[in-house]
Amino acid sequence: MAYKKDAKLVLEYLAVCDECYISDQEKLLNENWVISPKEKVIRECDCVYFYSKLIWCCVYACREFSLETAGKTFKLTKDMVSVKRFQKTLHVEEIVPNVIEPSFGIGRIMYSIFEHSFHVRQGDEQRTYFSFPATVAPYKCSILPLSQNQEFKTFVQQLSEAMTKNSVSHKVDDSSGSIGRRYARSDEIGVAFGITVDFDTVNKAPHTATLRDRDSMRQIRAEVTELPGMVRDLANGTLTWAEVESKYPIFEGQETSKKE
């Protein structure tokens with residue numbers, strides 16, 4: 001090919017042309033020009049213009065066409081260009097995708113929440129928990145009686161009914177396991193808060209119970225009648241745990257250990 005210095009530019013240009021354009025150029029290069037005896041010899045400036053999708057070209061009587069690329073114009077004749085058709089078997093074809101398909105399925109959202117909320121208690125790798133924000137936690141609160149005696153069941157039922165009236169999702173864990181083990185079970189499934197009905201709840205008036213924050217594991221003590229509304233506000237985001245601690249005394253330990 002001529003244009004030794006710029007041959008690569010011409011080849012790259014032709015390589016990206018579509019089949020229709022190439023076929024048109026081939027037809028024009030191979031076309032036989034017929035001049036009647038009455039016509040004068042076609043001069044170099046007498047040419048036929050045509051338009052393609054890519055460039056303006058002109059085909060001269062001497063069977064050549066021009067193309068423009070990289071700011072330069074090249075003239076190609078039949079002696080310079082030939083078109084060959086053949087079949088090629090591709091065993092591996094690499095495709096670069098040019099369409100981004102975003103996905104917002106609920107599964108990916110749930111996975112992200114689980115991944116970002118999973119934690120391990122410092123100093124105890126066996127204790128794990130999900131720090132779901134209270135607004136999205138499946139259960140907002142757990143109710144944990146220290147004993148299965150009837151006196152405790154009365155307060156558990158009272159709290160459960162009040163939670164339901166306040167539209168607070170909750171669970172009652174009255175199993176025989178230790179309170180620490182039951183706290184750990186609640187933490188593992190991301191329950192945001194826990195109310196413990198202890199012996200002070202039963203023995204002392206006004207009746208109080210403890211409210212535990214899952215993430216900090218700190219507890220406060222408040223009257224039983226106040227706790228359902230407090231958990232509701234915490235779950236709705238209208239009340240913060242810091243505000244609760246500033247208003248109610250921090251729980252250090254129950255004063256009675258059995259029914260008096």
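Guide: Please note that this is a predicted model. Helix H4 (residues 150–165) packs with helix H7 (residues 227–236) at an angle of about 40°, and their axes are 9 Å apart.

Visitor: Is H4 oblique or parallel to H7 at that angle?

Guide: H4 is oblique to H7 because of that angle. An angle under 35 degrees would count as roughly parallel.

Visitor: Which residues make the contact?

Guide: On the H4 side they are Leu159, Ala162 and Met163, and on the H7 side Leu227, Pro228 and Val231.

Visitor: And is the crossing left-handed or right-handed?

Guide: The crossing of H4 past H7 is right-handed.

Visitor: Turning to the strands, why is S9 described as largely enclosed?

Guide: Five of the five residues of S9 are buried, so the rest of the structure largely encloses this strand. Both of its faces are covered. Phe193, Ile195 and Val197 are buried on one side, and Gly194 and Thr196 are buried on the other.

Visitor: Which strand runs parallel to S9?

Guide: S7 runs parallel to S9, and five bridges join the two. In this pairing, Ser142 stands opposite Gly194 of S9.

Visitor: What about S10: parallel or antiparallel to S9?

Guide: S9 and S10 run antiparallel and are joined by four bridges. Here Thr196 stands opposite Thr210 of S10.

Visitor: Let us move to helix H5. Which of its residues are buried?

Guide: Helix H5 covers residues 179–188, and its buried residues are Arg182, Tyr183, Ala184, Ser186 and Asp187.

Visitor: What do those buried residues pack against?

Guide: They pack against five strands named here in order: S6 (128–130), S7 (141–145), S9 (193–197), S10 (208–213) and S11 (219–223).

Visitor: Which residue with a positive phi follows H5?

Guide: That residue is Gly190, with a phi near 80°.

Visitor: Now the whole protein. How many helices and strands are there?

Guide: The secondary structure comes to eight helices and 11 strands. The protein has 260 residues, of which 35% are buried.

Visitor: What share of the contacts joins residues at least 24 apart?

Guide: The share is 58%, counted among contacts between residues at least 6 apart in sequence.

Visitor: Finally, what is the accessible surface?

Guide: The accessible surface comes to about 17700 Å², and carbon and sulfur atoms account for 53% of that surface.

Conventions: Residues numbered from 1 in each chain as written. Predicted model: local features only at pLDDT ≥ 70, side-chain atom pairs only at ≥ 80, totals over all residues. Heavy atoms only, no water. Buried < 20%, exposed > 50% of the residue type's maximum accessible area, 1.4 Å probe, protein only. Contact = heavy atoms within 4.5 Å. Areas by Shrake-Rupley, 256 points an atom, 1.4 Å probe, with all protein chains shown as cover. Pairing = 2+ DSSP bridges. Axes fitted to C-alpha atoms, helices over the stretch in contact; angles between N-to-C directions. Parallel < 35°, antiparallel > 145°, perpendicular 65-115°, else oblique. Left-handed = near helix turned anticlockwise from the far one by under 90°.
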